[in-house]
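Student: Hi! Can we go through this protein together, a bit at a time?

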Amino acid sequence: MKSQVRGGTRWKRFAVVMVPSVAATAAIGVGLAQGALAASFSISGQEFKVKAQTLEGTDFVQYGSVDAGKTLDDKAFAAPVAVSGFSTAYITNMCQSVVTPKVPFLGDITLRLEAGGEGAKDPNQRVYAKDIYLDVSDLKADAEFGNIDIGVAAGQLNGGDKNKPGIQPGTPADRVYQNGFSQRAETAKLSNVQQKAWATTAATFKLPDLKLSLHRGTDAECYKG
């Protein structure tokens, strides 16, 4: 099998899991707990869901890493993630939700955020992100890539062009996974996206027609499962 595929590649129900081994994950977790590795920030103990009609991005990269933080009951943990990065990303009909369980006197509370709902009709109304990284634990989508390279050493993702995304600076992968497995593509289009993530960072994040709401229970989650 060739490590490089030129042209467009479509993977039905795309779900790439590019994470380090269990032993490596455990070692990273210990290193973070002891302060030996610097993460970009400590993540919350609440995973969130994102649903989108489409996500179209340029300079796609993906590699394995580990996020670290504390649970709601103040216990340290480390979570393996597949980090996806884009120079630019345009998102149509985005929904993001996170559940805070067992709030005193209220029960489970769901925070739901929606934006870019008119993006299918007007491209100017799509969610826009620049230099965005997504720390993903689970992804389902229909995906199409343009000029994809599979099996690139993570430290070589940007090919020496500092204007393109590589390993995100200040994260465990920046210290440990320079030679780890990764992939990159000039363009990426994901449709019918459902993903779970621990963190998102971006230099710019524009959300047209933003709506934020709070709901009792979990019925308002962006999707079930």
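Tutor: Happy to! Keep in mind that this is a predicted model. Let's begin with Asp-209, which sits in the loop between strand S8 (204–206) and strand S9 (211–216).

Student: Okay, what is phi like at Asp-209?

Tutor: Phi of Asp-209 is near 55°, a positive value in a residue other than glycine.

Student: Which residue does Asp-209 form a salt bridge with?

Tutor: With Lys-211, and the closest N and O atoms are 2.8 Å apart. Lys-211 is partly exposed too, because its relative accessibility is 42%.

Student: Why would side chains pair up like that?

Tutor: Side chains of opposite charge can pair when their charged atoms come close.

Student: How many salt bridges are there in the whole structure?

Tutor: A search of the whole structure finds 10. One of them is between Lys-121 and Glu-118, where the closest N and O atoms are 3.9 Å apart.

Student: Are those two buried or exposed?

Tutor: Lys-121 is exposed, with a relative accessible area of 73%. Glu-118 is partly exposed, at 39%.

Student: What about Arg-184, which residue does it form a salt bridge with?

Tutor: Arg-184 forms a salt bridge with Asp-149, with 3.1 Å between the closest N and O atoms. Arg-184 lies in strand S7 (residues 181–201) and Asp-149 in strand S6, so this pair ties together parts that are 35 residues apart in sequence.

Student: Is Asp-149 buried or exposed?

Tutor: Asp-149 counts as buried, because its relative accessibility is 7% and the cut-off for buried is under 20%.

Student: How far is Phe-145 from Arg-184?

Tutor: C-alpha to C-alpha, Phe-145 and Arg-184 are 9.1 Å apart in space, while in sequence they are 39 residues apart. Phe-145 is in strand S6. With a relative accessibility of 1%, Phe-145 counts as buried.

Student: How much space lies in the largest pocket?

Tutor: About 320 Å³. The largest pocket is lined by 20 residues, and those nearest its centre are Tyr-133, Asn-158, Pro-165, Gly-166 and Ile-167.

Student: What classes of residue make up that lining?

Tutor: For the largest pocket, the lining has nine nonpolar, seven polar and four charged residues.

Student: And what volume does the second largest pocket have?

Tutor: The second largest pocket has a volume of about 180 Å³. It is lined by 14 residues, and Arg-184 turns up again here: Leu-157, Lys-164, Arg-184, Ala-185 and Glu-186 lie nearest the centre.

Student: Which strands each supply at least two residues of its lining?

Tutor: Strand S2 (48–70), S6 and S7 each do that for the second largest pocket. By class, its lining divides into five nonpolar, three polar and six charged residues.

Student: Are they buried or exposed?

Tutor: Both Cys-95 and Cys-222 are buried.

Student: And why is the disulfide called left-handed?

Tutor: Because the torsion about the S-S bond of Cys-95 and Cys-222 is about -85°.

Notes: Residues are numbered from 1 along each chain as its sequence is written. This is a predicted model: local features need pLDDT of at least 70, side-chain atom pairs count only at pLDDT 80 or more; totals for chains, interfaces and linings use all residues. Side-chain values use heavy atoms; hydrogens and water are left out. Helices (H or I, at least four residues) and strands (E, at least two) are DSSP runs, numbered from the N terminus. A salt bridge is a side-chain nitrogen of Lys or Arg within 4 Å of a carboxyl oxygen of Asp or Glu. Buried means under 20% relative accessible area, exposed over 50%, partly exposed in between (1.4 Å probe, protein chains only). On a 1 Å grid over the protein atoms alone, a cavity is a set of points where a 1.4 Å probe fits but cannot get out, and a pocket is an open set with protein on both sides within 12 Å along at least five of seven lines; lining residues have an atom within 4 Å of a point. Grid points are joined across faces, edges and corners, and a volume is the space filled by probe spheres set on the points. Ala, Val, Leu, Ile, Met, Phe, Trp, Tyr, Cys and Pro count as nonpolar, Asp, Glu, Lys and Arg as charged, and the others, Gly among them, as polar. A disulfide is a pair of cysteine sulfur atoms within 2.5 Å.
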